[in-house]
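Let's take a friendly walk through a protein model together. Have a look at the sequence and the fold below, and then we will go through the strands and the core.

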Amino acid sequence: MDLKDLFQSADWKQEKHVPVIDIVEQGEIVKIAITVGKEIPHPNTTEHHICWIEVYFVAEGEKIPSQLGRFEFTSHGESIGAPNAGSVHTSPEVVVSFKAEKPGTILASSYCNIHGLWQSSVVLSI
Ligand SMILES: [Fe+2]
């Protein structure tokens, strides 16, 4: 088995785990937003939540990705009293800015502690 075989993908409008990549601004600096559960909210409980999102960019004609960031979501209603009794829940959404001198592909992966690894990608035209 290869790690790549564990990544799932689907239509994000019907599958709540898929990281959705939106290009928010595109100039000298590219600003992107990545959201899990954009159309159908993903649960955000102590027992079931999105743990992290990673974002990569691969410039056209290149083989090695540049990691743009890794974002951990570490509050899911935990409490000293009981699971889900806490009042704080980090949302699985991030905004990343980067400079790209060539077009390429933006890739995002996410990890649900129950349902595993998910991925998506969008082409960045310059
Ligand atoms: Fe899940």
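## Strands side by side

In strand β7, Trp118 is the bridge partner of Ser110. Strands here are DSSP runs of E with at least two residues, numbered from the N terminus. Residues are numbered from 1 along each chain as its sequence is written. Please keep in mind that this is a predicted model: local features need pLDDT of at least 70, side-chain atom pairs count only at pLDDT 80 or more, and totals for chains, interfaces and linings use all residues.

Back to the strands. β6 and β7 run antiparallel and are joined by nine bridges; two strands count as paired if DSSP finds at least two bridges between them. Three residues lie between β6 and β7 in the hairpin that they form. Cys112 stands opposite Gly116 of β7, and Cys112 in β6 is also the bridge partner of Ile50. Nine bridges join β3 to β6, again antiparallel.

Here are the bridge partners named so far:

| Residue | Partner | Partner's strand |
|---|---|---|
| Ser110 | Trp118 | β7 |
| Ile50 | Cys112 | β6 |

What is the order of the strands in the open sheet? The four strands follow the order β4-β3-β6-β7, with antiparallel pairing. β4 (66-72) and β7 are the edge strands, each pairing on one side only. From one strand to the next, the twist averages 15 degrees, taken between N-to-C directions of lines fitted to C-alpha atoms, on a scale from 0 to 180 degrees.

## A residue on the edge strand

Ser121 lies in β7, which covers residues 116-124. Is Ser121 buried or partly exposed? Ser121 is partly exposed because 15 other C-beta atoms lie within 10 Å; buried means 20 or more, exposed means 12 or fewer, and partly exposed is in between, with C-beta atoms placed from the backbone. Ser121 touches Thr105, Ile106 and Leu107, leaving out residues up to four places away in sequence. Contact means C-beta atoms, placed from the backbone, within 7 Å. Ser121 and Pro19 are 102 residues apart in sequence, yet 8.7 Å apart in space, C-alpha to C-alpha.

## The core

The largest nonpolar core has 16 residues, and Ile34 and Val55 are among those with the most contacts inside it. Such a core is a set of buried Ala, Val, Leu, Ile, Met, Phe, Trp, Tyr and Cys residues joined through C-beta atoms within 7 Å. β2 (29-36), β3 (50-59) and β6 (104-112) each supply at least two residues of this core.

Definitions and conventions
Two residues are in contact if their C-beta atoms, placed from the backbone, lie within 7 Å.
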